[in-house]
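Hi,

Here is the structure I promised to pass on. Have a look at it first, and my notes follow below.

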Amino acid sequence: MVDLTRRGAAPSIPRMRSNNADRCRPVSAPPPLTGDEIHVWVQDTGQPGPRAVRDAARALLGRLLLGYAGTAAVPAIEAGEHGKPFVPSLPWLDFNLSHAGSLVAIAFARDQAIGIDIEPLDRRVSTDGIAARFFGPREAAALGRTGAHLRQVAFLRLWTHKEAVLKALGDGLGFGLHRIEFELSREGHVERLLDVAAEAGRPAEWQLHAFDPAVGVVGCLAWRGEPRAVQRLQLVS
């Protein structure tokens with residue numbers, strides 16, 4: 001397991017605002033999920049601690065699964081070999097979940113494996129040490145060239161891309177962070193998937209959807225397959 005945290009005060013992070021494309025559409029229930037789209041639900045649980053957020057995330061997932069399944073009871077959830085959850089009674093539905101602080105993001109797709117990850121930009125991270133030890137050499141070098149005031153933002157954006165791909169594969173960190181390598185711009189923006197282990201397909205087969213779920217939070221949705229429309233949704237009472 002990779003420990004992202006480091007000791008000391010959290011660094012000053014440039015504040016970022018979501019653009020119009022990142023805004024969620026409020027709905028009272030899941031709309032129909034077609035085979036050419038992916039639903040991404042973003043919800044602020046308002047909970048103060050990790051355990052309470054996890055409980056709220058499970059409750060939200062249950063409500064959404066009820067809507068997609070069209071059943072009176074929440075379908076049973078099981079975990080795959082590497083811990084990725086799935087619903088045996090809904091073999092056509094793939095979903096993935098991530099949370100950052102009090103924020104939860106859950107993605108759903110029809111007949112398509114997906115992965116999602118969100119990270120808070122004020123998370124204390126040992127950027128140089130983790131990059132040197134676990135990332136590809138070109139990624140570590142690119143991060144090293146990024147200005148110190150932008151490096152943590154660049155690292156966390158890159159991390160969400162790597163984590164989303166790993167979660168879509170269903171293998172988790174055991175697959176190896178260095179086996180998925182991205183190209184970064186001089187400013188530290190993730191430009192494209194540069195290289196990936198052969199068993200994960202070709203880079204051109206992967207779709208990557210970067211988004212800002214809230215001010216000060218970055219995220220990425222990933223899947224290996226044809227392009228799909230991404231709908232950003234928020235559940236309201």
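Let me start with a tryptophan: Trp159 is buried, with a relative accessible area of 4%. Please keep in mind that this is a predicted model. The partner of Trp159 is Phe155, and the two rings form a stacked aromatic pair, 6.1 Å centre to centre with 20° between the planes. Both residues sit in helix α4 (residues 148–169), and because they are four residues apart there, about one helical turn separates them. Phe155 is buried too, at a relative accessible area of 0%.

That pair is one of five aromatic pairs that a search of the whole structure finds. Another joins Tyr68 and Phe108, which are tilted at 40° between the planes, with 4.6 Å from centre to centre. This one links distant parts of the chain: Tyr68 belongs to helix α1 (residues 50–69) and Phe108 to strand β6 (residues 103–110), 40 residues apart. Tyr68 and Phe108 are both buried, and together with Phe95 they form one aromatic cluster.

As for the overall picture, the chain has four helices and 12 strands. Buried residues account for 46% of the chain. Among contacts with a separation of 6 or more, 62% are between residues 24 or more positions apart.

On charge, there are 28 positive and 26 negative side chains, and the centres of the two sets lie 5 Å apart.

Enjoy looking around!

Best wishes

Methods:
Residues are numbered from 1 along each chain as its sequence is written. This is a predicted model: local features need pLDDT of at least 70, side-chain atom pairs count only at pLDDT 80 or more; totals for chains, interfaces and linings use all residues. Side-chain values use heavy atoms; hydrogens and water are left out. Helices (H or I, at least four residues) and strands (E, at least two) are DSSP runs, numbered from the N terminus. Buried means under 20% relative accessible area, exposed over 50%, partly exposed in between (1.4 Å probe, protein chains only). Contact means heavy atoms within 4.5 Å. Lys and Arg count as positive and Asp and Glu as negative; His and the chain ends are not counted. The place of a charge is taken as NZ of Lys, CZ of Arg, CG of Asp or CD of Glu. Rings of Phe, Tyr and Trp (its six-membered ring) pair if their centres lie within 6.5 Å; planes under 30 degrees apart count as stacked, over 60 as edge-to-face and the rest as tilted.
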